[in-house]
Amino acid sequence: MRLIIHSDYEKASNWTAGYIAEKINGEKNRPYILGLPTGSSPLLVYREFIRMHKEGKLSFKNVRTFNMDEYIGLPADHPQSYQFFMKENLFNHIDIDPKHTRIPNGMAGDLEKECESYEEAIKTAGGIDLFLGGMGSDGHIAFNEPGSSLTSRTRIKTLTAETKTANARFFGGDPSKVPGTALTVGVGTVMDAKEVVIIVSGRSKARALRAVVEEGVNHMWTLSCLQMHRHAIIVCDEEATEELKVGTVKYFMDIEKMNIN
Ligand code: GLP
């Protein structure tokens, strides 16, 4: 696993956007399959994608996307649905074909069937080339809350009180307004991606980042699965490193000296 530490969130986001843009631009022979998150963590990456697109440096015509998760029971036009979020923050501002953007349907009549067909669609697309993600303050990836199976696939999950409290800021500050369940890709689904890039920012993530980077693989911090991935990168800002050992920070900064600028 690489840990790339930038001085601030904006620099971390710009680096991440540039890294992914290079991959997209480099794929000429087949569609590039990109996994995407919502939440505040990817916002500046999306802003940078839009900027690069507007400047003619990045096209999404050859890109197919699969989102990580979606609340159950929020219609696509609900401002807090992830469908709505993705259109507002990315899809409406780039040249991606809407038919090529897939998000789990939290309004499906048969949710289990929706999960199965989501996994099937990823497989049919040839698998995910790069999964971009964020991390919850309890170390979760997508909505794979503590205790999730590290081999899980797309399924229904119940959200923890910590996640509902963290996400209450989008629901007028009231955790009881946050839907209690969601559809989410599994840890196994993320692990199947050829590459995983996670963006982590701020002190509220520092405790989880320490567990994920310095402790062992553990279902209580599901992002720690990355320790078993062949091609995983965590890009973070300095604030997020505040619980890491000085030696850990020095170590990763030293090996990445040539890569960040
Ligand atoms: C949510 C999402 C995750 C996201 C996490 C962190 O629960 N399901 O995909 O990574 O929260 O959110 P944020 O980036 O807003 O801190």
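**Reading a predicted model**

Reader: What makes Cys-236 count as buried?
Author: Its relative accessibility is 0%. Buried means under 20% relative accessible area, exposed means over 50%, and partly exposed lies in between, with a 1.4 Å probe and protein chains only. Cys-236 is under the 20% cut-off, so Cys-236 counts as buried.

Reader: What kind of model is this, and how are residues numbered?
Author: This is a predicted model, where local features need pLDDT of at least 70, side-chain atom pairs count only at pLDDT 80 or more, and totals for chains, interfaces and linings use all residues. Residues are numbered from 1 along each chain as its sequence is written, and side-chain values use heavy atoms, with hydrogens and water left out.

Reader: How many disulfides does the structure hold?
Author: The structure holds 0 disulfides. Cys-115 is in no disulfide, and the nearest cysteine sulfur, that of Cys-225, is 18 Å away. Cys-236 is in no disulfide either; for Cys-236 the nearest cysteine sulfur is that of Cys-225, 17 Å away.

Reader: Is Cys-115 buried or exposed?
Author: Buried. Its relative accessibility is 5%.

Reader: How many helices and strands does the chain have?
Author: The chain has 8 helices and 10 strands. They are DSSP runs numbered from the N terminus: helices are H or I with at least four residues, strands are E with at least two.

Reader: What makes the radius of gyration of the chain agree with a compact globule?
Author: With 261 residues, a compact globule would have a radius near 18 Å, and the chain has 17 Å, so the two agree. The radius is taken over C-alpha atoms, and the globule rule is 2.2 Å times the number of residues to the power 0.38. Along the principal axes, the C-alpha atoms fill a box of roughly 50 × 45 × 35 Å. Buried residues make up 53% of the 261 residues.

Reader: What share of the contacts joins residues at least 24 apart?
Author: Contact means heavy atoms within 4.5 Å. Take the contacts between residues at least 6 apart in sequence: 79% of them join residues at least 24 apart.

Reader: Which residues of helix H7 are buried, and what covers them?
Author: Helix H7 spans residues 206-214. Ala-206, Ala-208, Leu-209, Ala-211, Val-212 and Val-213 are buried there. Their cover includes strand E9 (195-200), strand E10 (232-237) and helix H8 (246-256).

Reader: Why is Ala-182 called buried?
Author: Its relative accessible area is 0%, so Ala-182 is buried. Ala-182 is in strand E8, residues 181-184. Leaving aside neighbours within four places in sequence, Ala-182 is in contact with residues including Tyr-71, Ile-72, Phe-143 and Ile-156.

Reader: Why does Thr-65 count as buried?
Author: Thr-65 has 3% relative accessibility, so Thr-65 counts as buried. Thr-65 lies in strand E3, residues 63-67. Not counting residues up to four places away in sequence, Thr-65 touches several residues, among them Leu-34, Leu-36, Phe-91 and His-100.

Reader: Where is Ser-41, and is Ser-41 buried or exposed?
Author: Ser-41 is in the loop between strand E2 (32-36) and helix H2 (43-54). Ser-41 is buried, with a relative accessible area of 10%. Residues up to four places away aside, Ser-41 touches Tyr-9, Gly-134, Ile-199 and Lys-205.

Reader: Why does Glu-48 count as buried?
Author: Its relative accessibility is 12%, so Glu-48 counts as buried. Glu-48 is in helix H2. Beyond residues up to four places away in sequence, Glu-48 touches Asn-14 and Ala-17. The C-alpha atoms of Glu-48 and Thr-16 are separated by 9.3 Å, and these residues are 32 apart along the chain.

Reader: What is the phi of Ala-142?
Author: Ala-142 has a positive phi of about 55°, although Ala-142 is not a glycine. Ala-142 is found in the loop between strand E6 (130-133) and strand E7 (155-158). Its relative accessible area is 8%, so Ala-142 is buried.

Terms used
Disulfide = S-S within 2.5 Å.
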